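Please read the points below with the coordinates open.

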Amino acid sequence: MLVDNSNQAGTTMRTPSRTEALALLEQHQSKPERIAHSLAVAELALAIRDRLAERGHELDRGLVESAALLHDMCKGQPDHDRAAGELLRGLGYPEVAAVAEVHTRLAGRTPQEPEPVSAAEVVYMADKSYRRTTRVSVEDRYAIWLKTWEGNAEKLASLENGQKRAETVRARIERAMGLPLDAVGPRA
């Protein structure tokens, strides 16, 4: 069952239902641990989205859920974020593709005030809040990567920029929610 929603421009947005998204995920990602990660990310992304909605920041629930479920559907392929975007676009889900394809780096862009928090930021932050299926802080997640890449100055610089972006996005989301990220979703 396809779900049609109106986006902020008033045009129709097509998103897969949860059942369809899970079927797509299982079709393209056979590793159970990656599916479990996507389910955990989706649960947190929806909790963030719902708290934002309580505070008057509306984001399309179907878009957030389907993008969170499908963000790693091409994990294991080179540039898995872009590969997922291409696949989803080809399946007729351009809005879901636009979120999934930026879940790793937000296209190298750090959103700033007064921009409203986006679905892409919610999925990005939910993903950064998990290492596999374990809920972690942004600092803990990046500490692992920084240790892994010790001695590679170029990679370390990129990771430090990524951590600053993640901290900025977390602060934006926390301001909009009126709560710390740790107070929302599993482990809340």
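1. Helix 8 (153-177) provides the largest share of the lining of the largest pocket, namely 6 residues; helices here are DSSP runs of H or I with at least four residues, strands are runs of E with at least two, and both are numbered from the N terminus. At least two lining residues each also come from helix 2 (32-54), helix 4 (80-90), helix 6, strand 3 and helix 7. The model is predicted, so local features need pLDDT of at least 70 and side-chain atom pairs count only at pLDDT 80 or more, whereas totals for chains, interfaces and linings use all residues. Residues are numbered from 1 along each chain as its sequence is written, and side-chain values use heavy atoms, with hydrogens and water left out.

2. The volume of this largest pocket is about 900 Å³, and its lining consists of 32 residues, with Lys75, His80, Thr104, Arg141 and Trp145 lying nearest the centre. A pocket is taken on a 1 Å grid over the protein atoms alone, as an open set of points where a 1.4 Å probe fits, with protein on both sides within 12 Å along at least five of seven lines, and a lining residue has an atom within 4 Å of a point. Grid points are joined across faces, edges and corners, and the volume is the space filled by probe spheres set on them. Sorted by class, the lining comprises 15 charged, 9 polar and 8 nonpolar residues, where Asp, Glu, Lys and Arg count as charged, Ala, Val, Leu, Ile, Met, Phe, Trp, Tyr, Cys and Pro as nonpolar, and the others, Gly among them, as polar.

3. Lys75, one of the residues nearest the pocket centre, belongs to the loop between helix 3 and helix 4. Its relative accessible area of 34% makes Lys75 partly exposed, given that buried means under 20%, exposed over 50% and partly exposed in between, with a 1.4 Å probe and protein chains only. Not counting residues up to four places away in sequence, Lys75 touches Gln29, Arg34 and His80, a contact being heavy atoms within 4.5 Å. Gln29 is 46 residues from Lys75 along the chain, yet their C-alpha atoms are separated by 7.4 Å.

4. The structure holds 1 aromatic pair: the ring centres of Tyr142 and Trp145 are 4.8 Å apart and the planes stand at 90°, so the pair is edge-to-face. Rings of Phe, Tyr and Trp (its six-membered ring) pair if their centres lie within 6.5 Å, with planes under 30 degrees apart called stacked, over 60 edge-to-face and the rest tilted. Both residues sit in helix 7 (residues 138-148), where a spacing of 3 residues puts about one helical turn between them. Tyr142 is buried at 4% relative accessibility, while Trp145 is partly exposed at 25%.

5. Over the ring of Trp149 sits the charged end of Lys155, 5.1 Å from the ring centre; the criterion is NZ of Lys or CZ of Arg within 6 Å of the centre and within 35 degrees of the ring normal.

6. Helix 3 (61-70) is largely enclosed by the rest of the structure, because 8 of its 10 residues are buried. These are Leu63, Val64, Glu65, Ser66, Ala67, Ala68, Leu69 and Leu70, and their cover includes strand 2 (12-16), helix 1 (18-28), helix 2, helix 4, helix 5 (94-100) and helix 6.

7. Some backbone values deserve a check. Most residues other than glycine have a negative phi, and most peptide bonds are trans. The bond from Glu113 to Pro114 is cis, with omega near 10°, and Pro114 lies in the loop between helix 5 and helix 6. Leu106, in the loop between helix 5 and helix 6, has a positive phi near 50° and is buried at 9%. Arg132, with a positive phi of about 60°, lies in the loop between strand 3 and strand 4 (134-135) and is exposed at 56% relative accessibility.

8. Finally, Ser129 occupies the loop between helix 6 (119-128) and strand 3 (130-131) and is buried, with 1% relative accessible area. Beyond residues up to four places away in sequence, Ser129 touches Leu44, Thr134, Arg135, Val136, Arg141 and Leu181.
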